Amino acid sequence: MPAPPWEIRTGLGAVLQDWLDGPVGRQLVADRSFPAEEAEYGDIPLDLHGGLREALARRGIERLYQHQLEALASARGRRHTVVATPTASGKSLCFNLPVLDAVANEPGATAIYLYPTKALSRDQEASLHGLSRDAGLSVAATVYDGDTPGDARRAARQSSRIVMTNPDMLHSGILPQHASWSRVMQNLRYVVLDELHTYRGVFGSHVAHVLGRLKRIAEFHGASPTFIGATATIGNPGEHAARLLGVPASEVSVVARSTAPRGERRVLVYNPPVVNAELGMRASYLKSAVRLVGDLVAARVRTLLFGQSRNAIEIMVKYLRDRFASQPTLAEAIVSYRGGYLPDTRRRVERGLRSGELLCVVATNALELGIDVGELDAVVCAGYPGSVAETWQRFGRAGRRGEPSLAVMIASSAPLDQYLASHSRHLVGQAKADDAATPGRVGAFEHARIEPENTEVLLQHLKCAAFELPFRNDEPYVALDTDETNSALGYLADNGVLHRGRDRFHWASTDAFPANHVSLRRIGWDNFVIIDVATGLALAELDWHSTPTMLHEQAIYQHEGEQYQVERLDYENHKAYVRKVVPDYFTTAMRHQKIRVLEERAQLPLTTDEGEHRASAGWGEVSLVEKVVGYKKVKFHTHENAGYGDVRLPEHEMHTTSFWLTLSEELCRSLGRAVAVEGLTGLSHALELVSTLALMCDPHDLGRTLGDASPEEGSPSFEATAYLYDNVPCGVGLAQRIHERAGELLARAAELVTGCACDLGCPSCVGATALASSASPVAVHVAAPSPVVDRKSAALRLVLQLGLLRREGEAGRSQE
């Protein structure tokens with residue numbers, strides 16, 4: 001007899017049992033349980049400020065974890081310290097205690113807290129105020145960011161002992177006006193860098209310069225601050241912190257062993273069922289995520305669902321609300337959270353999470369970091385976040401009070417997702433109970449990398465530093481020694497930016513604030529404001545880089561589960577005018593790319609065993625021109641193609657660095673143009689996958705396109721070329737590392753192609769076949785060959801022609 005409708009199966013246990021007994025269980029490729037762990041404690045130091053000891057006692061904290069004590073002792077000893085322990089291990093006390101102790105004991109002492117996002121700084125402000133209040137300390141701590149009103153900004157400059165901000169605001173709002181912040185600078189004791197692992201790639205390279213400028217200004221004002229960093233588990237926390245701070249690694253103390261208690265955690269990896277075996281296509285991972293999260297919501301399990309993009313989370317919110325349309329109480333407890341929302345919207349969601357009013361939040365990585373999200377029972381990741389460290393950072397958002405929790409990753413059809421589905425040990429650890437298999441240590445093989453030596457980045461910040469303070473002739477700067485700094489300053493002087501004096505370089509340009517023209521992130525400063533034409537009010541903002549794909553005219557812009565159509569995009573004034581609609585489709589943009597080499601820095605000929613030259617591997621600077629040329633309408637729920645539309649927007653050009661693989665004209669002729677293009681497309685697809693894994697970088701950090709390396713446009717000769725480029729302006733060194741390891745990586749790509757069990761090609765090896773790729777959202781600058789070619793067979797032929805299989809043993813050893 002079926003259960004009465006008023007009986008509801010609730011709780012994690014009920015959901016898990018239903019999953020394991022049904023179709024979901026058959027698609028689980030990993031199921032690991034991590035047992036609870038006991039804490040290791042130590043006594044609170046007697047010389048810690050009495051008010052802080054009392055505040056801890058009021059919170060029921062009679063002793064500290066051993067790793068907290070280790071970090072506290074190191075920071076109070078004025079050593080740069082980085083704490084690399086998992087989420088929910090009490091890292092906040094590792095820096096709040098030494099900072100508040102110094103502020104309480106030293107009249108006038110100040111500190112700066114740096115957070116990568118505004119949301120995190122706002123959340124931590126409440127936590128710091130609470131601890132300070134309980135300790136009986138009247139410590140003024142102020143958030144200073146783009147949302148801070150004018151009177152609060154004045155208060156931060158004039159009276160705050162602790163300034164909580166982000167690297168962007170420090171870079172453009174504080175350092176250029178350091179004279180107004182002299183009180184903070186001359187008394188600066190500590191600088192806290194939370195979520196240190198996020199400062200990598202181009203963003204981290206910029207932040208290294210911002211910190212170098214901060215140290216330079218602090219020294220000018222007579223201070224020498226101690227830096228305290230907190231990071232998720234990465235493989236090189238000490239080295240990464242040292243690179244960011246510009247100090248030897250020996251000057252950084254690393255606290256890496258967590259002694260905090262941990263509740264039991266169940267980790268599942270779900271791979272959606274195959275819907276087209278020939279193409280290797282699987283069911284929609286977004287719809288799979290909605291189905292699984294819907295089961296959790298129905299069972300009243302408080303859940304956080306992470307999506308990979310703004311569009312993805314809005315689609316999933318709509319689908320979830322549609323599922324519970326007949327249960328308005330549940331539908332209203334499902335909301336979205338992402339960048340671009342206005343401050344009031346973000347604060348409302350954060351309050352709802354902490355109070356328990358919300359049952360499910362669908363979020364981008366904006367909620368990945370240490371924001372207090374209250375009592376959550378489950379985390380679901382719709383797609384691989386890009387690194388193991390970030391995956392576990394998300395998993396750690398559930399069970400933050402020591403209770404049992406569930407973490408699920410749902411693999412998409414993307415190559416990296418499918419690789420991890422087949423090799424889940426990389427994500428959840430080995431089957432044996434070794435250190436690498438414990439939560440928080442699984443990501444320890446991943447390294448965060450920055451390149452502050454990048455010329456474009458360095459020159460931009462050198463100008464900012466010279467504006468802030470004149471440079472002495474004998475002064476080094478960040479990644480440069482004294483002679484190199486002098487040469488770089490001389491270059492700026494020769495170009496009229498600086499004035500060369502007798503013993504100093506002074507700012508000479510008419511540019512009032514050079515920092516205003518330097519973006520720390522991969523997008524520009526100027527966001528587009530989205531305006532609802534019905535009300536005239538601003539709905540949200542969108543970054544400059546995403547605008548052409550999401551706010552072109554006739555695009556369906558999704559906001560908090562509702563749909564708006566873009567009626568007009570005012571490109572010059574950075575405004576998009578939208579109207580609320582109820583369509584049965586959403587839109588996705590189609591792009592065209594064209595790439596050309598600006599400067600070749602290195603070239604490596606690839607020869608066969610017989611010494612025949614059939615291809616070459618190069619590395620250098622390139623110009624990538626991208627343009628949105630149209631859009632596709634995709635039906636909600638069925639994801640059917642509902643039509644196309646044209647888009648007329650200006651081109652976007654980016655200068656970056658790239659690795660390229662060029663097939664010789666003779667090889668293209670012998671294979672035939674169609675086979676050469678299709679084979680190179682497949683091989684480059686595999687090369688991008690193995691390069692992402694080998695370099696331990698985010699999949700979005702690398703871009704891939706095809707072109708023709710023939711010297712003249714329209715030339716009858718044809719040299720098919722695949723480009724793997726740094727997907728950020730100026731590059732961060734990824735292309736160079738691919739070139740340095742070209743032989744090994746090409747051999748591993750060949751092994752991936754030949755070892756895949758598919759017949760015609762699949763997303764896990766060479767990508768979709770030519771037959772399935774006609775609706776690709778990215779068009780490349782190679783004339784499409786007229787015959788339809790089996791991509792897998794073409795890639796296999798190319799692998800044999802290039803003689804890549806001879807390095808198979810080397811590739812196998814490298815993977816180990």
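A crossing of two helices is right-handed if the near helix is turned clockwise from the far one by less than a right angle, and left-handed if anticlockwise. In this predicted model, where residues are numbered from 1 along each chain as its sequence is written, local features need pLDDT of at least 70, side-chain atom pairs count only at pLDDT 80 or more, and totals for chains, interfaces and linings use all residues. Side-chain values use heavy atoms, with hydrogens and water left out.

**Helix 4 and helix 5**

- The crossing of helix 4 and helix 5 is right-handed.
- The axes of helix 4 (residues 66-76) and helix 5 (residues 91-105) come within 9 Å and cross at roughly 40°; helices here are DSSP runs of H or I with at least four residues, numbered from the N terminus.
- Axes are lines fitted to C-alpha atoms over the stretch in contact, with angles from 0 to 180 degrees between N-to-C directions.
- The two helices, helix 4 and helix 5, are therefore oblique to each other, a class left over once angles under 35 degrees (roughly parallel), over 145 (roughly antiparallel) and 65 to 115 (roughly perpendicular) are set aside.
- Helix 4 brings His67, Gln68, Ala71, Leu72, Ala75 and Arg76 to the contact, and helix 5 brings Leu93, Cys94, Leu97, Pro98 and Asp101; contact means heavy atoms within 4.5 Å.
- By class, the residues of this contact are seven nonpolar, two polar and two charged (Ala, Val, Leu, Ile, Met, Phe, Trp, Tyr, Cys and Pro count as nonpolar, Asp, Glu, Lys and Arg as charged, and the others, Gly among them, as polar).

**Helix 1 and helix 12**

- Helix 1 (residues 12-21) and helix 12 (residues 285-298) have axes that come within 9 Å and cross at roughly 140°, which makes helix 1 oblique to helix 12.
- Helix 1 and helix 12 form a right-handed crossing.
- Leu12, Val15 and Trp19 of helix 1 make the contact with Leu292, Asp295 and Leu296 of helix 12.
- Five nonpolar, no polar and one charged residues take part in the contact of helix 1 with helix 12.

**Helix 8 and helix 10**

- The axes of helix 8 (residues 167-174) and helix 10 (residues 201-220) come within 10 Å, crossing at roughly 45°, which makes helix 8 oblique to helix 10.
- The crossing of helix 8 and helix 10 is left-handed.
- Pro167, Leu170 and His171 of helix 8 are in contact with Phe203, Val207, Val210, Arg213 and Leu214 of helix 10.

**Cavities**

- The structure holds three cavities of 30 Å³ or more.
- A cavity is a set of points, on a 1 Å grid over the protein atoms alone, where a 1.4 Å probe fits but cannot get out; its lining residues have an atom within 4 Å of a point.

Conventions: On a 1 Å grid over the protein atoms alone, a cavity is a set of points where a 1.4 Å probe fits but cannot get out, and a pocket is an open set with protein on both sides within 12 Å along at least five of seven lines; lining residues have an atom within 4 Å of a point. Grid points are joined across faces, edges and corners, and a volume is the space filled by probe spheres set on the points.
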